[in-house]
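Please keep the structure open while reading.

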Amino acid sequence: MPHLGDNLRINGDRLWDSIMEMAKIGPGVAGGNNRQTLTDADKQGRDLFKKWCDEAGLQMGVDKMGTMFARREGTDPDALPVYVGSHLDTQPTGGKYDGVLGVLGALELVRTLDDLGVKTKHPIVVTNWTNEEGTRFAPAMLASGVFAGVHELDWAYERTDAKGLRFGDELKRIGWVGDEEVGGRKMKAFFELHIEQGPILEAEGKDIGVVTHGQGLWWLQVTLTGKEAHTGSTPMPMRRNAGLGMARMTELVHQIAMSHQPDAVGAIGHVDVHPNSRNVIPGRVVFTIDFRSPHQDILDAMKARFEAEAQAIAEELGLTMEIEIAGHFDPVTFDENCVAAIRNAAEHLGYSHRNIVSGAGHDACWINKLYPTAMVMCPCVDGLSHNEAEEISKEWATAGADVLLHAVLETAEVVG
């Protein structure tokens, strides 16, 4: 039986070939992928993944949200399984690696164990969560959210896309409705490998990100109402310019986020200006704010400061303001033991690493509510993701999967 030494590594070439083969399904228009959830392309990707799992001797289970669970048996049939995976669906103009690396890295992990004849006490389950991206059917992380009890199954089935098509109907149409009750599975732990989707690891020359926290968020939708008026004939002191209010609040959002460095972020994203005419002072502006922090007190403080100081800006400019909560997610603190297993693996294998906070939501964030969970990250060129130009190197992917392998083996307990 091989010792868990430096010689135990995944097959980087095989992992990379699998990623490139999956990328042929649902090709984008600029080198990436458009494999949105529950489309024909998603079905083809699932079918290919199942074929590979069958070839690896894994037993496939599927729940009523269409999430795929491919099990490699352990020596103890009663031992709780270690789950590992991510998602195969993409953005409409997505890259080849976001989510896919985590699923196929998990598959490569069990392939490697088979190659080397390594047995584990605990079963290992390779997982493909349905609709992580949430682009076609909002919200994101839908299936893992139902699994964690955050959403109801019937509610998820009623989600509709831009064409009015129901999630439940489309899941049935592609033939991936399982018979398992969602959330019925018990886990010893869950691990997720992912590209960083940010520039920190590449900028610092680190091989591995040890994810300790996930950002919590407040999404606010702000409506400022002033008075539409002619831009040429309305004196400056007599204007009630909703656009000016938004401009000042944009700067306020930036100042608030900068006052809570490191890790806190904030920006204005979606903007609707009315009437959006070149010679009319905006009478109404609707915009969204995205505040994020891994610390609940800071997250709430950013929201409270904005609400107070934005109200003062509105009053000074003669505007009325309404703020609606458009979304909220509490910060995530990943399990200490799982995080330590990832850090130990990186150190044991000689990979440079640093602690990192996930700025994006992942299925691991919901599963963390139920079971010990942690994430591994590898660098991403220029931090670019959710873009067809998203890129990583084979070496980065291999390092991430190597660390995943050793962290999972420490948790699943090698026999022999």
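## Burial and cysteines

A residue counts as buried when its relative accessible area is under 20%. The model is predicted. Cysteine 365 has a relative accessible area of 2%, so this residue is buried. Cysteine 53 is buried too, at a relative accessible area of 0%.

How many disulfides are there? The count comes to 0. Cysteine 365 takes part in no disulfide. Its nearest cysteine sulfur belongs to cysteine 338 and is 14 Å away. The cut-off for a disulfide is a pair of cysteine sulfur atoms within 2.5 Å.

## Strand 8 and its partners

Strand 8 spans residues 216-225. Of its 10 residues, 7 are buried, so the strand is largely enclosed by the rest of the structure. Strand 8 runs antiparallel to strand 12 (residues 284-293), and 10 bridges join the two. Two of the facing positions can be named. Valine 222 has phenylalanine 287 as its bridge partner in strand 12. Leucine 217 is bridged to arginine 292 in strand 12.

Strand 8 also pairs with strand 13 (residues 320-329). This pairing is antiparallel as well and holds 9 bridges. Here leucine 217 stands opposite phenylalanine 329. Leucine 217 therefore has a partner in strand 12 and one in strand 13, given that strands pair through DSSP bridges.

## Strand 12

Is strand 12 mostly covered or mostly open? It is mostly covered, with 7 of its 10 residues buried. Besides strand 8, strand 12 is joined to strand 10 (residues 265-274). That link has 8 bridges, and the two strands run antiparallel. Isoleucine 268 finds its bridge partner in isoleucine 289 of strand 12.

In a regular strand, side chains alternate between the two faces of the sheet.

## Aromatic pairs

A pair of aromatic rings is described by the distance of the centres and the angle of the planes. The whole structure contains 10 aromatic pairs. One of them joins tyrosine 157 and phenylalanine 167. These rings are stacked, at 6.4 Å centre to centre and 25° between the planes. Tyrosine 157 sits in helix 5 (residues 153-157) and phenylalanine 167 in helix 6 (residues 167-173), so the pair ties together parts 10 residues apart in sequence. Tyrosine 157 is buried, with a relative accessible area of 18%. Phenylalanine 167 is buried as well, at 0%.

Phenylalanine 291 and phenylalanine 306 form another pair. Their ring centres are 6.3 Å apart and their planes lie at 65°, so this pair is edge-to-face. It links distant parts of the chain: phenylalanine 291 is in strand 12, phenylalanine 306 is in helix 9 (residues 296-316), and 15 residues separate them. Both are buried.

There is also an aromatic cluster. Its members are Phe69, Tyr83, Trp129, Phe147 and Phe190.

## The largest pocket

The largest pocket holds about 1300 Å³ of space. Its lining comprises 44 residues, and those closest to the centre are Leu217, Arg292, Gly359, Ala360 and Gly361.

Which strands supply at least two residues each to the lining? Strand 8, strand 12, strand 13 and strand 15 (353-358) do. Strand 15 gives the most, with 5 residues. By class, the lining has 16 nonpolar, 20 polar and 8 charged residues.

## The enclosed cavity

Rolling a probe the size of a water molecule over the atoms shows where empty space is left. The structure holds 1 cavity of 30 Å³ or more. The volume of the largest cavity is about 30 Å³. Its lining is formed by Thr37, Asp42, Arg46, Leu88, Asp89, Asn128, Trp129, Thr130 and Asn131. The classes are 2 nonpolar, 4 polar and 3 charged. Trp129 lines this cavity and belongs to the aromatic cluster.

Glutamate 413 lies in the loop between helix 12 (394-412) and strand 17 (414-415). Its relative accessible area is 33%, so glutamate 413 is partly exposed. How many residues in sequence separate glutamate 413 and glycine 74? The separation is 339 residues, while their C-alpha atoms are 9.4 Å apart in space.

Methods:
Residues numbered from 1 in each chain as written. Predicted model: local features only at pLDDT ≥ 70, side-chain atom pairs only at ≥ 80, totals over all residues. Heavy atoms only, no water. Buried < 20%, exposed > 50% of the residue type's maximum accessible area, 1.4 Å probe, protein only. Helix = DSSP H or I, 4+ residues; strand = E, 2+ residues; numbered from the N terminus. 1 Å grid on protein atoms, 1.4 Å probe; cavity = no way out; pocket = protein on both sides within 12 Å on 5 of 7 lines; lining within 4 Å. Points joined across faces, edges and corners; volume = space filled by probe spheres on them. Nonpolar A, V, L, I, M, F, W, Y, C, P; charged D, E, K, R; others polar. Phe/Tyr/Trp six-rings, centres within 6.5 Å; stacked < 30°, edge-to-face > 60°.
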